[in-house]
Amino acid sequence: MKFGLKSSLGLIAALVLSGSALAQGAGDFPNKPVTLVVAFSPGGSTDNLARVIVDDFGQVLGQPVVVENRPGAGGYVAWRSVQSAPPDGYTVLLAENAVALGKALRPDEPLDPRKAFEAVAKIGTAPMALIINSKLEPKTFQEFVEFAKAKEGGVNFSSSGVGSVSHMTFDALADLIGVQPQHIPYRGGGEANAAVVGGHVDAMMQSVGSARKLSEEGGVRVLAVTSEERNPTMPDVPTLKELGVEPDVELRFWWGIFVPAGTPAPIKEKLAAAMKETLERPAVRDRLANIEVAPEFGPAEEMAASLDSEITNWSALVEKRGIKAD
Amino acid sequence: MDALILGFEVALTGTNLAYCFLGVLLGTAIGVLPGIGALAAVSMLLPVTFYLHPTTALILLAGVYYGAEYGGSTASILLRLPGTPASAITCLDGYPMAKQGKAGVALFTTSVGSFIGGSLGIILMMVLTPAIMTMSLAFGPAEYFAIILLGLVAAGTATGGSVVKGLMMIVFGLLVGCIGTDLNTGVVRYDLGFYELQDGINMVVLAMGLFGVSEVIASIDRPGGEIVQRRISLRSMIPSRAEWRQAYPAILRGSAIGAFFGPLPGTGPSLASFMSYLVEKRIARDPSRFGKGAIEGVASPEAANNAAVQTAFIPTLALGIPGTATTAILLGAMMVHGIQPGPRLVTQNQDLFWGVIASFWIGNLLLLILNIPLIGIWVSILKIPYRLLYPAILIFICVGVYSVNNNLFDVWMVLIVGLVGYGLRLLEFEPAPLLIGYILGPLLEENLRRGLLLFRGDYMGFVQRPISAGILLLLVLLIAYVAWSRYRAVRRGVSAAAAG
């Protein structure tokens with residue numbers, strides 16, 4: 001098989017390259033492997049993203065980058081460990097929406113991500129979509145709003161857990177359209193998807209990638225997407241903006257990298273530059289496209305500002321809706 | 001059928017065969033090392049597979065996964081070190097067999113049982129994929145609740161030794177299962193102020209502590225020496241004809257049970273092992289042999305586990321629903337390679353789907369060929385004196401447990417659980433019902449409450465759906481049967497006493 005030989009050579013080349021690239025600037029940083037901390041278990045979307053970029057990120061940096069999963073307490077186990085790690089650039093947090101949601105949901109928590117971490121760069125985003133079971137009546141978003149208002153006891157929706165992105169974004173949307181939904185939490189996105197496809201639950205907010213896949217199989221109907229523009233793979237599905245629904249919180253997944261507060265600026269710059277270059281690599285872009293993450297490099301200031309507004313706006317919503325997750 | 005031939009053509013190319021072998025070899029090695037699970041191995045290998053053809057990548061990763069399931073039984077039989085709930089069940093009779101000098105027989109039975117279970121699982125997968133897909137989608141909270149309740153009650157009626165003590169352990173397990181964050185409200189229960197307890201006590205920590213660490217502690221007051229002193233000949237590894245006659249129907253029953261439970265997300269392989277063990281015990285002519293080295297107690301759960309691991313791939317590949325964290329990584333790997341799991345995978349990527357399925361069978365065969373010669377080596381571990389073996393085991397446990405979540409807290413926890421396990425042992429409580437309660441309790445609660453939310457608090461919702469009503473009826477019949485057979489036994493005792 002021709003592929004076998006080529007791929008083996010590729011593997012060897014990758015291993016050699018990762019060891020030989022030279023370090024430039026920022027003193028001799030990095031001169032040992034860098035740890036990329038993921039706050040969730042292997043197999044989740046953040047872990048997938050980490051595994052997709054980690055090899056190339058290491059090649060660009062000139063030192064291997066190792067993914068370390070530290071799941072627990074909705075992310076706090078990992079965040080506390082990053083907070084107390086030495087601010088030398090060797091511990092990098094791959095953060096996602098959960099950092100902002102976690103703070104909004106636990107206002108009494110002493111760890112404040114705005115103070116404990118310093119932003120390095122924004123990496124990418126993934127838009128979301130509103131899906132409903134395909135056997136339900138509503139064919140459009142407007143019909144869904146009426147259905148949701150009329151349904152006795154309220155429309156119900158599945159999510160991958162209390163305080164998860166799928167839970168919070170649905171609640172944010174429900175707030176905008178003025179309905180009181182019934183939340184049915186599941187363990188993880190796969191189970192939550194199956195609940196909608198199987199007709200056990202009415203609706204869900206899911207990533208555009210999953211939503212498209214499920215709708216192609218006929219189990220669900222996609223009613224709206226949260227991105228600014230319509231999704232090229234689903235040109236018939238309107239955006240929330242077109243429908244006149246404009247939230248103050250981001251109804252999409254986002255990822256960024258952070259380091260412990262006090263990390264020297266040249267090191268942060270070096271990490272940001274390396275991430276920028278990583279995200280420009282065609283192979284990385286292909287893989288990111290496959291896992292439905294849109295690479296979107298943003299400098300540290302942009303990441304910090306967006307984290308700040310996320311925490312403020314989610315906190316306001318949590319208070320208004322009386323959502324609790326201790 | 002053409003599709004299957006195509007599958008074998010894909011799986012039998014040199015590269016794919018080599019990676020299949022590499023996968024099962026790595027998997028076996030990882031499975032044998034207590035604690036270091038397939039999860040860590042598969043996630044570390046994932047970036048490497050970006051440079052491989054998607055089919056080859058999936059063959060490699062899946063090989064590691066089921067290879068580890070296969071290897072996991074070795075450590076539990078030889079050293080009472082289960083890394084998964086399924087292998088905890090294998091401990092119950094496998095370890096007593098090892099202590100009686102029949103480790104070879106137990107491992108041999110495991111290998112053959114796993115192979116047959118895996119093969120039958122694959123055949124069912126080929127024939128029944130569409131039916132199984134429909135079934136796993138039709139299972140809502142009511143159906144899950146009913147089937148988990150059935151499992152829990154079956155466990156309660158079939159525990160070894162004292163029934164009261166067995167029930168006490170199940171309740172203890174239910175309580176341990178309550179530790180952590182409540183799924184429905186996000187409220188944290190019994191965390192005692194530890195962040196690390198907000199997700200509950202880790203399953204690996206509990207299984208390793210209760211079985212492994214407590215065994216190490218118990219060995220301290222045992223006179224020195226080795227577990228087995230005798231020399232192990234090849235002859236002593238092959239089950240006798242009588243043993244084989246007990247084992248093979250158990251393997252077939254286990255495979256069927258495993259294939260049925262496999263596709264249920266989150267519960268599949270562990271529930272399959274529990275249920276098959278309980279069935280064996282219930283239908284055995286002399287249930288008191290169980291827990292003391294009954295060969296069916298090893299054969300059936302192993303077959304069930306491996307059949308379940310195979311059929312668990314159906315929801316993963318065809319629906320995109322991961323059953324376990326490890327299968328979630330496999331899904332991630334497929335997506336990175338641009339393959340969308342789903343019903344259309346079967347039709348659009350025929351060579352990949354059937355190639356991977358054919359590789360499962362080849363992988364199972366390779367595992368059999370690989371493991372039978374290794375049995376002799378594994379068994380000779382038992383000849384290492386306690387004073388050297390047990391400290392090494394303790395180190396392996398600590399490393400393994402640490403590797404699950406990269407958290408030192410878990411290492412302390414496994415030692416504490418080990419002490420508790422030793423205490424229970426002194427009081428003659430069995431650890432298995434505790435583990436059953438711990439695993440099934442949260443699932444039962446979760447599905448009950450989810451069902452009540454959906455049915456707006458109406459308990460009738462659970463009996464108005466045909467599948468859950470059927471399972472609940474089966475449950476009532478089981479309880480009635482147990483009550484009736486007890487009553488008959490008591491009455492016979494009374495009339496015998498009256499006659500005498």
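**Exercise 1. Find which residue of β6(A) is the bridge partner of A:F157.**

Solution. Start at A:F157, whose bridge partner in β6(A) is A:H183. Helices (H or I, at least four residues) and strands (E, at least two) are DSSP runs, numbered from the N terminus. Next, widen the view: β5(A) and strand β6 (residues 182-185) of chain A pair in the parallel sense over four bridges, where pairing needs at least two DSSP bridges between two strands.

A word on the model: it is predicted, local features need pLDDT of at least 70, side-chain atom pairs count only at pLDDT 80 or more, and totals for chains, interfaces and linings use all residues. Residues are numbered from 1 along each chain as its sequence is written, while chains are lettered from A and ligands numbered from 1 in the order in which they are written.

**Exercise 2. Decide whether the residues on the two faces of β5(A) are buried or exposed.**

Solution. In a regular strand the side chains alternate between the two faces of the sheet. In strand β5 (residues 156-159) of chain A, take A:N156 and A:S158 on one side, then A:F157 and A:S159 on the other: all are buried (20 or more other C-beta atoms, placed from the backbone, within 10 Å of the residue's own).

**Exercise 3. Work out where confidence is lowest and highest in chain B.**

Solution. Begin with the chain: its mean pLDDT (the predictor's confidence in each residue, from 0 to 100) is 86, and 94% of the residues of chain B reach 70 or more. Then go by element: α15(B) is lowest, at a mean of 75, and helix α18 (residues 408-426) of chain B is highest, at 95.

Conventions:
A residue is buried if 20 or more other C-beta atoms lie within 10 Å of its own, exposed if 12 or fewer, and partly exposed in between; C-beta atoms are placed from the backbone.
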